[in-house]
Amino acid sequence: MFPSSFAYHRPASVEEAVALIGANPDAKVLAGGHSLIPAMKLRLAMPEALIDLNRIDALRGISVNGEVTIGAMTTYAQLLDDAGLGGRFTVIHDAADHVGDVQVRARGTLGGSIAHADPASDFTAVILALGARVTAIGPEGERTIEADDLFVDLFTTALRPDELLTRITIPAVAGTVVTAYAKHAHPASGYPVVGIAAMLTMEGSTVSAARIAVTGATSKATRLTAAETALTGQAADAAVIDRAAAAAEGLEINGDAYASEEYRRHLVSVLTGRVIRQAIARAT
Amino acid sequence: MSTTITGPTTLRITVSVNGTQRQAEVEPRLLLVHLLRDSFGLTGTHVGCDTSQCGACVVNLDGQTVKSCTVLAVQADGATVTTIEGMARDGKLHPVQEGFWAKHGLQCGFCTPGMILSAAALLEKNPDPSEDEIEHAIEGNFCRCTGYHNIVRSVQHAAELMRRDA
């Protein structure tokens with residue numbers, strides 16, 4: 001399988017990339033390429049041009065300084081290699097270690113995954129749980145978008161066609177903050193049939209704040225607000241966790257040939273309970 | 001420096017393959033695996049599923065293993081690539097190749113080049129991997145005939161050989 005012909009642009013800077021995106025409305029931006037190139041080989045995508053971001057060093061890297069800033073072109077392999085990041089937000093390592101395989105993690109990028117907004121991406125749920133924000137740059141300059149406002153629908157984000165996602169910022173956290181990610185992976189593709197990410201703030205055994213998000217089950221990654229409410233302000237005993245897990249079910253859930261709506265609903269509840277227990281176990 | 005080419009126009013790229021600088025005139029849509037096989041005649045890198053699942057096309061690109069069916073040849077411009085043909089040195093098999101030979105890690109051999117590249121990359125980072133770590137590292141390489149049992153033993157044997165010679 002071969003992609004159809006396209007023009008190839010390899011900008012050396014963010015400014016150049018933004019200018020190229022503006023000048024080529026039918027172009028696609030190439031990050032890790034592990035969603036885009038397969039789609040092009042199947043001719044599901046036939047862009048007139050590719051704007052390859054892989055030589056823009058300014059888009060790569062992780063800085064931890066109170067808040068955490070991750071360049072959009074940072075690969076999963078780089079996320080896994082960063083011990084400081086993994087120590088602080090375990091959820092990132094939980095999720096990154098099971099994206100695709102070694103080769104996919106070597107190429108695939110955090111920004112690419114988020115901008116693509118595959119309904120079964122692992123990291124859409126992760127950045128929702130972390131309360132992250134993304135920075136995008138366009139012809140009118142930079143703006144930030146909260147993760148809560150970023151995912152609009154299937155493969156659709158609030159990014160404008162002429163904008164480039166440049167970095168992801170995780171706000172600084174205070175107190176005892178624990179995170180975790182659990183997924184039931186499709187046995188062939190490895191994509192989450194259901195994935196749940198959680199960030200809990202603990203005061204002793206009480207959950208003082210909770211952010212929990214689901215991916216794979218819904219048309220876009222979504223906060224499980226009912227489960228969050230059921231946990232917040234409660235001593236996290238078995239009954240409270242079970243209530244939160246049960247509350248996670250109240251969503252519009254998609255079914256497909258592999259996993260029915262009913263089965264996915266069950267997984268959402270089971271994995272929500274599991275991820276809460278995992279996170280809490282990390283507080284001690 | 002930025003580069004722009006418009007297809008079907010071609011770009012001249014330079015890639016260091018198995019220690020030799022090679023040049024080719026490529027269309028942007030040419031995949032790395034076809035550059036290696038068709039332009040350079042290095043047919044040890046296989047095309048299996050052609051959908052970045054099976055790992056028959058795995059090569060090492062600038063120190064990391066990649067699925068060469070999902071990388072554009074133009075993206076390897078200026079890069080260093082190692083394929084299965086570059087693993088043996090001076091007539092001596094790479095320890096991972098020796099491990100696969102000694103422990104019967106292959107039958108048909110179709111997945112073997114990718115398996116060996118993935119296993120060698122693992123052992124670079126982790127000279128004494130556990131069975132679980134080996135399985136996690138070759139998750140992106142499918143074998144459909146030998147079975148993974150002997151492949152894992154092959155990698156363990158290679159690790160022993162490499163530790164002994166280190």
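Colleague: How much area is buried between chain A and chain B?

Modeller: About 2900 Å², with carbon and sulfur atoms giving 50% of that. Buried area here is the accessible area (1.4 Å probe) that two parts lose on being put together, summed over both. Tyr8(A), Arg10(A) and Gln103(A) supply 23% of what chain A buries against chain B, more than any other three residues.

Colleague: What should I know about the source?

Modeller: This is a predicted model: local features need pLDDT of at least 70, side-chain atom pairs count only at pLDDT 80 or more, and totals for chains, interfaces and linings use all residues. Residues are numbered from 1 along each chain as its sequence is written, chains are lettered from A and ligands numbered from 1 in the order in which they are written, and side-chain values use heavy atoms, leaving out hydrogens and water.

Colleague: How many residues are in contact across chains A and B?

Modeller: 37 of chain A with 37 of chain B. Contact means heavy atoms within 4.5 Å.

Colleague: And how many salt bridges between chain A and chain B?

Modeller: Four. The rule wants a side-chain nitrogen of Lys or Arg within 4 Å of a carboxyl oxygen of Asp or Glu. Asp81(A) and Lys125(B) meet in a salt bridge through their side chains, at 3.6 Å, N to O.

Colleague: Which elements of chain A supply at least two residues each to the side touching chain B?

Modeller: Strands E1 (7-10) and E3 (49-52), plus helices H2 (36-41), H3 (76-81) and H6 (102-107). These are DSSP runs numbered from the N terminus: helices (H or I) of at least four residues, strands (E) of at least two. H6(A) has the largest share, five residues.

Colleague: New topic. Where is Glu163(A)?

Modeller: In the loop between strand E9 (156-157) and strand E10 (164-170) of chain A.

Colleague: Buried or exposed, that Glu163(A)?

Modeller: Glu163(A) counts as buried because its relative accessibility is 9%. The cut-offs are under 20% relative accessible area for buried, over 50% for exposed, and partly exposed in between (1.4 Å probe, protein chains only).

Colleague: Which residues does Glu163(A) touch?

Modeller: Not counting residues up to four places away in sequence, Ala136(A), Ile137(A), Gly138(A), Arg143(A) and Ala158(A).

Colleague: Last one. Why does Thr112(B) count as buried?

Modeller: Because its relative accessibility is 7%. Thr112(B) sits in helix H3 (residues 112-125) of chain B. Leaving aside neighbours within four places in sequence, Thr112(B) contacts Phe100(B) and Leu106(B).
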